[in-house]
Amino acid sequence: MTDERLLGLEGLAPIVRAACSLELEPFLQRVIAAASELTGSEVSAILEFDERDKSLRFLAVPPAYQEAHRTPPIPLDQSTAGEAIRKRAPLRMPDDETGLDALTGTDLALTPETHSLLAVPMILMGKVLGVLQAVNKNNAHYTEEDVTILEMLAAAAALAIDRNSLRHRMEASLAELSDLDRLKSDFIAITSHELRTPLGVILGHATYLRELLDPEYVDQVDAIIKNAARLKEIVESLGSMDNYRKGRSRVRQEAVSMRHIVEEVVASFDAMATERHITLQAPPASADLLVEADHTKISIALGNLVKNAIIFTNDGGHILIQTQSMPGYVKVSVIDNGIGIPRKDLPRVFDRFFQVEGHLTRRHNGMGLGLSVAKVMVEMHGGRIWVESVEGKGSTFSFLLPVQAIETQPAMF
């Protein structure tokens with residue numbers, strides 16, 4: 001191999017490296033320009049393979065040969081490029097067995113006066129993506145060195161084409177996910193708005209009727225009130241999520257006592273825990289820990305964690321709420337000895353509507369909103385929430401709140 005040719009092969013290195021960095025069209029233009037220069041060809045082009053109708057079409061041609069793009073799809077059995085795909089091997093014409101008389105009209109699409117042609121299939125991980133073709137080597141026939149050069153360029157072009165296709169598929173998937181997420185958010189907003197008023201009416205009238213009816217009917221009315229209240233809680237969670245996502249919810253910060261919040265939450269869920277014979281404890285902290293926060297939002301966040309612990313702790317279990325001071329933060333933990341969470345589900349427990357197991361969902365009910373709402377409310381304060389759990393032994397949900405207020409918005413969830 002001549003020194004000139006060696007220098008030419010060295011020039012392939014930056015082209016190969018650029019396969020994953022440049023936009024597709026400029027990169028393919030570099031490939032065909034290098035193919036022509038390094039093989040001494042009049043013109044080079046890239047044809048893309050269409051798996052659906054088994055045909056080829058011009059994907060990249062030099063600026064002076066743009067008319068080739070108007071060429072109709074080329075069936076594989078009507079061109080040398082198609083033959084290279086069928087054989088999955090480079091083809092040179094003329095060669096020892098085939099002369100130029102085998103060329104068809106599609107082989108002459110770039111230049112009708114063709115005296116030599118080299119076609120190399122572009123294959124990536126066993127999949128044929130197209131053909132790199134060089135035409136009319138200067139006063140000579142194509143050699144094995146030319147084949148090697150085009151094979152290297154074809155591999156780089158195949159990588160770039162596949163990467164570009166993957167990017168477009170990802171963009172399309174993201175756009176579809178965005179549309180689905182928007183539709184889901186619209187549904188949540190409409191549902192929460194439309195259900196709020198009739199639920200309020202049901203609760204109001206049921207509460208009024210409870211005072212008028214004979215004692216024998218009180219249990220039935222209580223069942224209506226209890227289930228309507230549960231629906232109201234779900235609707236409020238849906239509405240809260242919609243507000244957070246659309247930026248309509250703000251943190252109203254003030255000096256808040258974590259001891260008071262814990263006491264309020266324990267009082268709120270004491271009856272629910274007692275009914276299940278679950279011990280709900282909150283040992284007093286060594287100091288009355290103060291944070292700049294929204295009292296209501298932190299109460300809801302902690303309440304959702306405690307309610308979740310009660311739901312997934314067996315009768316007779318234990319739940320402990322701990323608070324402690326850390327440099328610049330207050331840490332709050334809800335520790336239970338309940339059923340725990342499978343390791344595979346831990347990364348998703350704070351996702352909207354996520355349910356750990358189908359059989360648990362049926363047994364314990366719920367829509368998978370409480371933990372996601374808690375996450376958003378903590379993150380709105382610039383805090384962080386996480387879970388540690390061992391299946392069958394229990395879970396610890398913890399969150400950190402900065403002592404000083406931080407202006408932030410929650411991550412999308």
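Two strands count as paired if DSSP finds at least two bridges between them. Helices (H or I, at least four residues) and strands (E, at least two) are DSSP runs, numbered from the N terminus. This is a predicted model, where local features need pLDDT of at least 70 and side-chain atom pairs count only at pLDDT 80 or more, while totals for chains, interfaces and linings use all residues. Residues are numbered from 1 along each chain as its sequence is written, and side-chain values use heavy atoms, with hydrogens and water left out.

**Whole chain**

Start with everything shown: there are 10 helices and 13 strands. Of the 413 residues, 44% are buried (under 20% relative accessible area; exposed is over 50%, partly exposed in between; 1.4 Å probe, protein chains only). Contact here means heavy atoms within 4.5 Å. Among contacts with a separation of 6 or more, 66% are between residues 24 or more positions apart.

**Stop one: the five-stranded sheet**

Select β8, β10, β11, β13 and β12, and you have an open sheet in that order, with mixed pairing. The edges are β8 (279-281) and β12 (384-390), each pairing on one side only. From one strand to the next, the twist averages 15 degrees.

Strands β10 (318-326) and β11 (329-336) run antiparallel and are joined by eight bridges. Show Leu320 and you'll find Ile335 of β11 opposite.

Now slide over to β12 and β13, an antiparallel pair with seven bridges. Val387 stands opposite Phe397 in β13. The two strands make a hairpin with three residues between them, and Gly392 in the turn has a positive phi of about 90 degrees.

For angles, axes are lines fitted to C-alpha atoms, for helices over the stretch in contact, and values run from 0 to 180 degrees between N-to-C directions.

**Stop two: a lysine**

Pick Lys375, in helix α10 (370-379). Is Lys375 buried or exposed? Its relative accessible area is 18%, so Lys375 counts as buried. Beyond its neighbours within four places in sequence, Lys375 is in contact with Phe350 and Ile385.

**Stop three: the six-stranded sheet**

Select β3, β2, β1, β6, β5 and β4: that is the order of another open sheet, with antiparallel pairing.

Look at β1 and β6, which pair in the antiparallel sense over seven bridges. Glu48 stands opposite Gly130 in β6.

**Stop four: the second largest pocket**

A pocket is an open set of points on a 1 Å grid over the protein atoms alone, where a 1.4 Å probe fits, with protein on both sides within 12 Å along at least five of seven lines; lining residues have an atom within 4 Å of a point. Volume is the space filled by probe spheres set on the points, which are joined across faces, edges and corners.

The second largest pocket has a volume of about 380 Å³. Of its 16 lining residues, the closest to the centre are Glu48, Lys127, Leu129, Ile161 and Ser165. Elements giving two or more residues are β1 (41-50), β6 (127-137) and α5 (144-212), and α5 gives the most, with six. Colour the lining by type to see eight nonpolar, three polar and five charged residues (Ala, Val, Leu, Ile, Met, Phe, Trp, Tyr, Cys and Pro are nonpolar; Asp, Glu, Lys and Arg charged; the others, Gly among them, polar).
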